[in-house]
Amino acid sequence: MKISKKAKMVRDKMKELFVVEKPENEEKGKRDIKKIARDFWYGKPHEERRLGDLYIGDTGLYKHREWRGFVDTMYYFNMIWLYNYGHMVMDIMKFGGGPVKGVVNFSKGLMRYRWMGQTYLTVMHWFDRGLEGMRGPILRGSAWHYRGMVCETIRQFQEMFASDKKLHGGRESEQWKHNIAHNETVSGSIFYGFHDVLEDIPLEMIPYFVTCHVNNHTVLNYIDAAQSIGLPSDPCPMCQAEYGIFVLDDYPDFAPTMITSNEACDGSVATSVIQDWFLNRPLFAMPQPMRYDDPLVQEHCQREIEECWKFIEQQYGVPFNWEMYCKYAEEQNKLTAFEHEKWDVAANTPYYPINGVAQALYRIYYSQDGNRPIWHEIDAHVRKIMNHTVKNKIVTLPKTRHRVIAWSCAPLYYSSWCTWAYNCWGLNCVINMDSLMFDQFLRTDTYEHALEDLSWYNEKAPMRAMAVGGHEHILSLWDYMERFNCDMVVMYDQLQCKGMQGIHGVFEDEFRKRNIHAIWVPHALPDKRTVSRKEIRKIISDYMITVMREEPLDPTLVDFEDDSSW
Amino acid sequence: MKIILKIFGILAAVYAALFAVFYYDLDGKFIYYIFEPMMVRRYDNMKREDTLKTPYDMKEDVMKEE
Ligand code: SF4
């Protein structure tokens with residue numbers, strides 16, 4: 001029978017989109033029913049999974065999602081995919097002030113802002129990338145972390161949309177008048193004393209930072225926009241993207257004032273200057289010292305925080321409330337205490353139910369964002385899972401060959417590299433540098449102690465804590481390696497980070513002197529065009545083959561294309 | 001009884017359909033091939049304010065001395 005050209009095209013397309021090719025060397029002949037039944041129920045053994053065969057070209061899409069065994073596939077479908085889609089709709093309504101208002105504001109934001117419409121609807125693929133190959137408790141624990149981040153993201157953008165002048169005909173609503181906009185690098189803890197009366201919302205966290213992880217295409221528009229007005233292309237692309245949003249007029253106008261910071265480094269100062277220009281409203285710059293553990297700068301840093309509070313009091317007519325500060329600082333201490341418990345399990349046992357990417361993103365998100373009810377809810381779920389794995393001695397990543405610590409500033413467009421590295425090479429990324437920042441309890445016994453700890457907390461912010469806060473901090477790698485029982489380092493090499501480039505050679509020498517296996521991973525933070533994800537994988541795989549002389553656990557993951565994927 | 005069975009049947013069919021969407025990544029395929037390109041076209045063609053025209057001058061009295 002002759003097949004028409006069109007029918008052939010359709011058949012080929014369907015094949016491309018849905019059919020997983022059988023490996024060439026697979027034996028043909030009679031089927032082993034027992035094995036098929038076992039694979040159906042338990043999922044294929046790690047070495048037989050061939051996860052790379054599931055991808056469609058370089059899109060990162062799946063011909064079909066992974067079959068993880070009956071129980072885990074059903075868990076993924078019901079408790080991750082369905083649960084999260086359902087809860088996203090509920091969150092949109094809940095945080096938008098009711099079903100109708102919530103959906104209307106969400107739709108307006110979706111139509112207006114690129115970072116919204118292009119990025120956040122792809123969110124389930126963000127889960128997929130981070131949770132690929134995960135089974136049992138680590139699938140569950142990590143997925144809860146993702147759920148927390150999704151919920152908080154929706155809360156933030158719904159708050160922004162509800163009060164955004166651009167979406168409401170230029171009207172300055174009551175909600176607009178009660179919002180404080182701040183840099184994503186100003187911690188939410190600064191605002192605890194105003195928490196129940198004023199709403200603090202980081203300006204770039206949702207339009208920039210989270211987008212890079214969920215859909216790395218969006219941010220490129222903002223980086224290019226920054227350069228299009230003649231700004232230099234060599235500063236950190238994080239800072240470029242943050243002000244590119246303003247050049248493209250893609251920022252929501254949701255607050256009458258702005259609070260900025262020089263955290264993480266000098267690139268952020270440029271961001272503040274440009275934001276001051278474009279926002280054209282009262283702006284308070286709250287700098288934090290670079291060499292922050294110098295005792296001479298402590299008092300200065302505390303005064304800066306107090307000045308910031310004074311600025312808020314004057315602008316909004318709302319006094320700083322000490323009781324309110326204590327209440328939220330104590331709540332936050334509970335999150336920090338649980339983080340320490342988690343680190344303890346991660347460092348000393350193989351029973352830790354959180355994978356590398358979930359650990360890194362959740363920790364940086366909640367500690368920067370500050371105390372919110374969702375973090376406590378998620379921690380309660382994770383605590384249950386962790387108690388279960390520890391009590392029953394469940395090894396969560398059984399194919400671990402090396403315990404890895406990831407150090408320095410991470411590639412935002414490939415935060416899920418550690419999931420790939422485990423599936424392909426058995427590299428278990430136990431902890432990363434950004435997880436270890438903000439390691440500070442907030443005392444509330446006296447005002448002086450509170451202020452002292454709060455300024456320490458902010459000095460220990462991401463990147464400032466280790467990357468650019470003085471060489472003694474970045475060199476604390478050796479202590480953490482020992483503490484977390486790691487035998488290997490993945491050393492991020494942010495090519496546009498002047499601070500880290502300056503200390504590159506010292507690390508080279510130290511790795512050699514200490515005989516440590518370290519893989520240098522170059523990248524340009526949010527910009528995937530400088531070093532692609534494929535190149536990152538190749539660097540790691542080359543090291544594993546040529547230096548470690550190891551065989552991949554899943555050979556289909558060694559070399560595949562994903563340049564056009566989210 | 002018939003009605004209950006009917007409702008149950010409908011729910012089972014919806015559940016199965018959702019599972020097919022999930023398993024064959026139809027949500028991802030829809031967003032990737034249809035929704036995202038459509039939205040990108042929209043954002044690319046959107047009229048935007050020329051933010052470079054924003055005046056840049058010193059603000060007075062941002063913080064009052066006590
Ligand atoms: S990556 Fe480096 S250059 Fe960029 S913000 Fe962080 S410390 Fe600064």
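**Chains A and B and the ligand**

Author: By class, eight nonpolar residues, one polar residue and no charged residues make up the shell around the ligand. Here Ala, Val, Leu, Ile, Met, Phe, Trp, Tyr, Cys and Pro count as nonpolar, Asp, Glu, Lys and Arg as charged, and the others, Gly among them, as polar. This is a predicted model, where local features need pLDDT of at least 70, side-chain atom pairs count only at pLDDT 80 or more, and totals for chains, interfaces and linings use all residues. Residues are numbered from 1 along each chain as its sequence is written, chains are lettered from A and ligands numbered from 1 in the order in which they are written, and side-chain values use heavy atoms, with hydrogens and water left out.

Reader: Which residues are around the ligand?

Author: Cys236(A), Ala264(A), Cys265(A), Cys409(A), Met463(A), Val468(A), Gln494(A), Cys497(A) and Leu525(A), each with a heavy atom within 4 Å of it.

Reader: Now the chains. How many residues of chain B are in contact with chain A?

Author: 35 residues of chain B, against 53 residues of chain A, with contact meaning heavy atoms within 4.5 Å.

Reader: How many salt bridges are there between chain B and chain A?

Author: Four, where a side-chain nitrogen of Lys or Arg lies within 4 Å of a carboxyl oxygen of Asp or Glu. One of them joins Asp250(A) to Arg48(B), with the closest N and O atoms 3.3 Å apart.

Reader: And which helices of chain B supply at least two residues of the side that touches chain A?

Author: H1 (2-23) and H2 (26-44); helices are DSSP runs (H or I, at least four residues), numbered from the N terminus. H2(B) gives the largest share, 14 residues.
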